[in-house]
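Please look over the sequence and the structure shown here before reading the notes that follow. They are grouped by topic and meant to be read alongside the view.

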Amino acid sequence: MPIDESREFKPINIALLTVSDTRSIEEDSSGDILADRIARKGHNLIERNLLKDDKSKIIAQLHQWIDDLNVDIVITTGGTGLTGRDLMPEALDAVKDKDIPGFGELFRWLSYEKIGTSTVQSRACAVLSRGTYIFALPGSNGAVKDGWDAILDTQLDSRHRPCNFVELMPRLLEK
């Protein structure tokens, strides 16, 4: 889909959360990939954090960013698998107003081209919460590249046609 160069690019403010029991912020390669892509696109990385797989702490962090008027979008990496410690979708259920089912569907469709049927183990998803988009990507480097490069890069670009997430932002809280 085309980028309409005649339209203004509008940088957005993004908070980035990595969920991992095995990594530190210094070892967070998937978070580094996302931070780099956010910056290269011209968006603002407002805050970055890494939390263990602790549902209550994840929910608290999400609420903090949702309530922060300086944060437009939250992107998470990790915690979307099937193990007992993977609970990002459940944390999102606790904060969401609406699901964005097409995000996870498209992610798995794109992922299928690279990893085949193993994509069914991914619970990548997205929600809307009090006017803030939250996108949950798997924790692998390949998955964050796929999620950003094939979906978020254009959907978070105000110039993308025929439509994008950014142009909807002023209307997300309409009643």
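In this predicted model, strand β3 is largely enclosed by the rest of the structure, because five of its five residues are buried. Both of its faces are covered, with I73, I75 and T77 buried on one side and V74 and T76 buried on the other. In a regular strand the side chains alternate between the two faces of the sheet.

**The sheet around β3**

- Six strands make up an open sheet of mixed pairing, and their order across it is β2-β1-β3-β6-β5-β4; the edge strands, each pairing on one side only, are β2 (44–51) and β4 (98–99).
- On one side β3 runs parallel to β1, to which five bridges join it, and in this pairing T18 stands opposite T77 of β3.
- Five bridges also join β3 to β6, again with the strands running parallel, and here T77 stands opposite L137 in β6.
- Strand β6 (residues 132–137) is joined by five bridges to β5 (residues 125–129), and these two strands run antiparallel; within this pairing V127 stands opposite I134 of β6.

**Helices on the sheet**

- Helix α4 (residues 101–115) lies across β4, β5 and β6, and it runs at about 25° to β6.
- Helix α5 (residues 141–155) packs on the sheet as well, where it touches β1 (13–19), β3 (73–77) and β6, and its direction makes about 140° with that of β6.
- The buried residues of α5 are A143, V144, D146, G147, W148, I151, L152 and Q155, and what covers them includes β1, α1 (29–41), β3, α4, β6 and α6 (165–168).
- An α-helix has 3.6 residues a turn, so residues three or four places apart point the same way.
- Helix α5 has a kink of about 40°, centred on W148.
- The length of α5 agrees with expectation, because its 15 residues at 1.5 Å a residue should span 21 Å and its end C-alpha atoms are 20 Å apart.

**Nonpolar cores**

- The largest nonpolar core has 29 residues, and those with the most contacts inside it are I75, Y133, F135 and L156.
- Two or more residues of this core come from each of β1, α1, β3, α4, β5, β6, α5 and α6, and α5 gives the most, with five residues.
- Leaving aside neighbours within four places in sequence, F135 is in contact with I73, V74, I75, T76, F103, C125, A126, L152, L156 and F165.
- Another core, of 20 residues, lies apart from the largest one, and among its members are A91, L92, I134 and A136.

- S30 has its place in helix α1 and counts as buried, because its relative accessibility is 0%.
- When neighbours within four places in sequence are left aside, the contacts of S30 are with R23, T77, G139, S140, N141 and V144; of these, T77 is one of the buried residues of β3 and V144 one of the buried residues of α5.
- A35 also lies in helix α1, and it counts as buried because its relative accessibility of 15% is under the 20% cut-off.
- Not counting residues up to four places away in sequence, A35 touches L16, L45 and R48.
- The C-alpha atoms of A35 and E47 are separated by 9.9 Å, and the two residues are twelve residues apart along the chain.

**Backbone details in two loops**

- Most residues other than glycine have a negative phi, and most peptide bonds are trans.
- R130, found in the loop between β5 and β6, has a positive phi of about 45° although it is not a glycine.
- With a relative accessibility of 33%, R130 counts as partly exposed.
- The peptide bond from R161 to P162 is cis, with omega near 15°, and P162 has its place in the loop between α5 and α6.

Key
Residues numbered from 1 in each chain as written. Predicted model: local features only at pLDDT ≥ 70, side-chain atom pairs only at ≥ 80, totals over all residues. Heavy atoms only, no water. Pairing = 2+ DSSP bridges. Helix = DSSP H or I, 4+ residues; strand = E, 2+ residues; numbered from the N terminus. Contact = heavy atoms within 4.5 Å. Axes fitted to C-alpha atoms, helices over the stretch in contact; angles between N-to-C directions. Expected span 1.5 Å × (residues − 1). Bend = angle between axes of the 7 residues up to and from the residue. Buried < 20%, exposed > 50% of the residue type's maximum accessible area, 1.4 Å probe, protein only. Core = buried A, V, L, I, M, F, W, Y, C linked by side-chain atoms within 4.5 Å.
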